[in-house]
Amino acid sequence: MRKNIVAGNWKMNTTVQEGVALAKEIDAALAGVTPKCDVIIATPFTHLVSVVNAIDTNRIGVGAENCADKTEGAFTGEVSAKMVASTGAKYVILGHSERRAYYHETPEILKEKVLLALANGLTPIFCIGEVLEEREVGKHFEVVKAQVEGSLFNLSAEDFGKIILAYEPVWAIGTGKTATADQAEEIHAFIRKTIADKYGKEVAENTSILYGGSCKPSNAPELFAKPDVDGGLIGGAALKADSFMGIITAF
Ligand code: PGA
């Protein structure tokens, strides 16, 4: 059966020292509870080694927020999937809407990144989601379908089974405006059906689909209670141990 997962996405926040302190605080808080979900924190590249060494990685999985679409070589400033894996990180967020919008990551580029992540043993947390104008004209279903098809449907069923999906409506990210639990459930169920049509019911039922976009302790219980919402990808509320723990314990 699929896992419930709460993953923090720190984005471009915290120094290494602040990040290590935050990771330790979350680790200590988790030591006292048995969460009903897997817990992941995705940090800037600079933090990965230090965070991996500072916490119990059986309790918290560590991930990067991106990786290169090339294997290695003359790509100044890029960080490869192999380098990410060599830090001890196990996950990588790919296709976040901020990467798509500000760094022009196309479905083709993301397809390469997914393949390289998988080849290096990393689990991609693959983000999809529509912008407000697309939702307003009812195009959100076709947009997320195209995003999944464009970067993931080249995978074998076995490899697709390694992917974690995160549905993040762009209009809800960092805006304080959350999708209602019913809106989330409607599109999560649609995404699962899209996967079932391609890979069969079993693969679809085993795929964790997280919700992201202004998720916080107050709205997480209602969102996570929906049958097709398997957890959350958390931005702002992941930057404080108590709010992140409040979301983890929503399960
Ligand atoms: P938010 O970000 O929780 O701050 O809205 C979520 C994300 O972008 O992953």
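Mentor: Let's start with helix α12, residues 241–248: 6 of its 8 residues are buried, so the rest of the structure largely encloses this helix. Here buried means under 20% relative accessible area, exposed means over 50%, and partly exposed lies in between, with a 1.4 Å probe and protein chains only. The buried residues of α12 are Ala241, Ser243, Phe244, Met245, Ile247 and Ile248. They pack against strands β1 (5–9), β2 (38–43) and β8 (231–234), and against helices α1 (16–31) and α11. Packing is judged by contact, that is, heavy atoms within 4.5 Å. Helices (H or I, at least four residues) and strands (E, at least two) are DSSP runs, numbered from the N terminus.

Before we go on, please keep in mind that this is a predicted model, where local features need pLDDT of at least 70 and side-chain atom pairs count only at pLDDT 80 or more, while totals for chains, interfaces and linings use all residues. Residues are numbered from 1 along each chain as its sequence is written, and side-chain values use heavy atoms, with hydrogens and water left out.

Now step back to the whole protein. Its secondary structure comes to 12 helices and 8 strands. The radius of gyration is 17 Å, close to the 18 Å that the globule rule gives for 251 residues, so the protein is as compact as a globular protein of that length. That radius is taken over C-alpha atoms, and the rule is 2.2 Å times the number of residues to the power 0.38. Along the principal axes, the C-alpha atoms fill a box of roughly 45 × 45 × 35 Å. Of the 251 residues, 51% are buried. Among contacts between residues at least 6 apart in sequence, 72% join residues at least 24 apart.

Next comes the ligand. There are 13 residues around it, and Lys11, His96, Glu168, Gly174 and Ser214 come nearest; a residue is near when one of its heavy atoms lies within 4 Å. The shell divides into 4 nonpolar, 7 polar and 2 charged residues. A polar side-chain atom of His96 lies 2.7 Å from an oxygen atom of the ligand. Gly174 has a backbone N or O atom 2.7 Å from a ligand oxygen, and a polar backbone atom of Gly235 is 2.9 Å from an oxygen atom of the ligand. Taken alone the ligand exposes 280 Å², and the protein buries 94% of that.

Leaving aside neighbours within four places in sequence, Ser214 is in contact with Ala172, Gly174, Thr175, Gly176, Lys177, Thr178 and Asn219. Its phi is near 55 degrees, a positive value in a residue other than glycine. Most residues other than glycine have a negative phi.

His104 also has a positive phi, near 55 degrees. His104 is found in the loop between α4 (97–102) and α5 (107–119), and this histidine is exposed, with a relative accessible area of 59%.

Another loop, between β3 (61–64) and α3 (81–86), holds Asn66. Asn66 is buried, at 9% relative accessible area. Not counting residues up to four places away in sequence, Asn66 touches Phe45, Val84, Val92, Ile93, Leu94, Arg99, Glu105 and Lys113. With Lys113, the side chain of Asn66 forms a polar contact of 2.8 Å.

Last, look at Ala54, which lies in helix α2 (residues 48–54). At 22% relative accessibility, Ala54 counts as partly exposed. Ala54 touches Val20, Lys24 and Asp27, not counting residues up to four places away in sequence. The C-alpha atoms of Ala54 and Lys24 are separated by 6.5 Å, although these residues are 30 apart along the chain.

Notes
Polar contact = N/O pair within 3.5 Å; in protein donor to acceptor, adjacent residues only side chain to side chain. Areas by Shrake-Rupley, 256 points an atom, 1.4 Å probe, with all protein chains shown as cover. Nonpolar A, V, L, I, M, F, W, Y, C, P; charged D, E, K, R; others polar.
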